[in-house]
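Student: I would like a close look at a single helix and its surroundings. Please take me through one part in detail.

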Amino acid sequence: MRKIDPIRFRIATKDTAREINRRIVLNLVRTHQPISRADLARAMRVRRGAISLLVGDLLRDGLIYEGATGETVRGRKPTFLYIDSRGRTVIAVDIRASQTFLMPADLLGKPIGGVIGFPTVRDPKQLVATLAKRITALLDDHHGIEACEGIGVVVPGMVEQKTMRIMHAPTLGWRNVDLRDALAAASGLPVQIENSGRACALAQLWTMSAQSGAAGDLVFVSVSDGVGLGVIIQGELLRGRSNIAGEFGHTPLSLDGPRCSCGATGCWEAYVSNRATLARYFGRAAETGPVPADQKDFTVEDLIARARSGDSKAAAAIQATGRYLGLGLATVINGLDPARVFIGGEITAAWDLIEASVREALLERALTPAAASTEIVPVSAVEHPRLRGAAALVTAPAFAAPVVA
Ligand SMILES: [Zn+2]
């Protein structure tokens, strides 16, 4: 039940019903494609004629296209409908403290090329110049891309929704940084920016199949140089009054724990981020301290490989991360009670090693048996959840439900 705001309401016009039904058709094509008009009519329980009108609209606007003809036992052969992502692309950008990644994707968020990575330049002006140059080169080199619809950028920080200014990115040391206007000017393309955890949650929501309860409540925990969270409640991203809702990465596990990138001590992030896991293995006091030259190129993937080849110190460092992950997840689950929690990041490659530790710690702290049994789904780093999230920033709005009342 949602209350109607007596000040900022949106009245229904004679086009409202059609607009809602149009978006429903678009979403059904997206989740079921290829799909015929007859199947759409059955799914929506309306007459064929009504569907033909809506489909006609979407065909005219170039949002869907008619593809192959299907086989049928008798009668006219049905023509199948598809989302029209032919030759159209978006550029996904994942900015992390250590590295920045680029990937072209289609309008459904599917990668259409490899991932390019380079060390992150901390100076925002220089980073924009580097990004614009690389994006232009990528679009020039990539045959088959006729139109680029925009650039989606995920950042490890809190983003103001309207202006897309990065209010605070602790691991980058950024406060109040505007990348959107500068990157749009340098690339000539529209730019969308969002917090990485939120974008991951958004992409997860859009990629879930109809059967898995797409409109449900979910949390996405993105573990990388820091920890980002996205919270979806009843199909909508939770933002809060000033865009910091869901920053569980900075809730304390212990008041006198290791120093965190945000300046406080004992945050969940300071125990489970990649930097924290590596610091634990090398016996460094905190994740934020200087990294000795001979440890700079050592990654969580390297650590997992060592754990698998019998290095007991590596195994212990990973198990500790699993336990801390579970303890922090208990806070998230007790606070939000989501249907599912997704975890992304390099550490998921060790899921078979750490799952028991994660679940055991969650069981210790979860308030009810139902909370303790919350489904936790690892999302492999090879699926590029953060880049998919970046792509969704550009592609998802076309499919979103219109706001009325
Ligand atoms: Zn913190």
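Predicted model: local features only at pLDDT ≥ 70, side-chain atom pairs only at ≥ 80, totals over all residues.

Tutor: Start with what lies over the helix. Strand 3 (88-95), strand 4 (99-105), strand 6 (147-155) and helix 5 (180-187) are among the elements that cover the buried residues of helix 4. Those buried residues are Val128, Leu131 and Ile135. They sit on the same side of helix 4 because they cover an arc of only 65° around the axis.

Now turn to the opposite face. Turned away from the buried side, it carries the exposed residues Lys125, Gln126, Lys133, Ala137, Asp140 and Asp141. Next, the dimensions.

Step back to the nonpolar cores. The largest has 86 residues. Ala92, Val93, Val153, Leu303, Ile318, Val341 and Ala390 have the most contacts inside it. Helix 10 (residues 312-336) gives this core its largest share, 11 residues. Domain 2 (88-201 + 389-399) and domain 3 (208-382) each supply at least three residues to this core. Another core, of 12 residues, lies apart from it; Leu26, Leu40, Val55 and Ile83 are among its members.

Finish with Ala390. Leaving out residues up to four places away in sequence, Ala390 touches Ala92, Val93, Asp94, Gly152, Val153, Val154 and Ala199.

Note on methods
Residues numbered from 1 in each chain as written. Buried ≥ 20, exposed ≤ 12 C-beta atoms within 10 Å, placed from the backbone. Helix = DSSP H or I, 4+ residues; strand = E, 2+ residues; numbered from the N terminus. Arc of directions from axis to C-beta. Contact = placed C-beta atoms within 7 Å. Core = buried A, V, L, I, M, F, W, Y, C linked by C-beta atoms within 7 Å. Domains from an automatic or database assignment.
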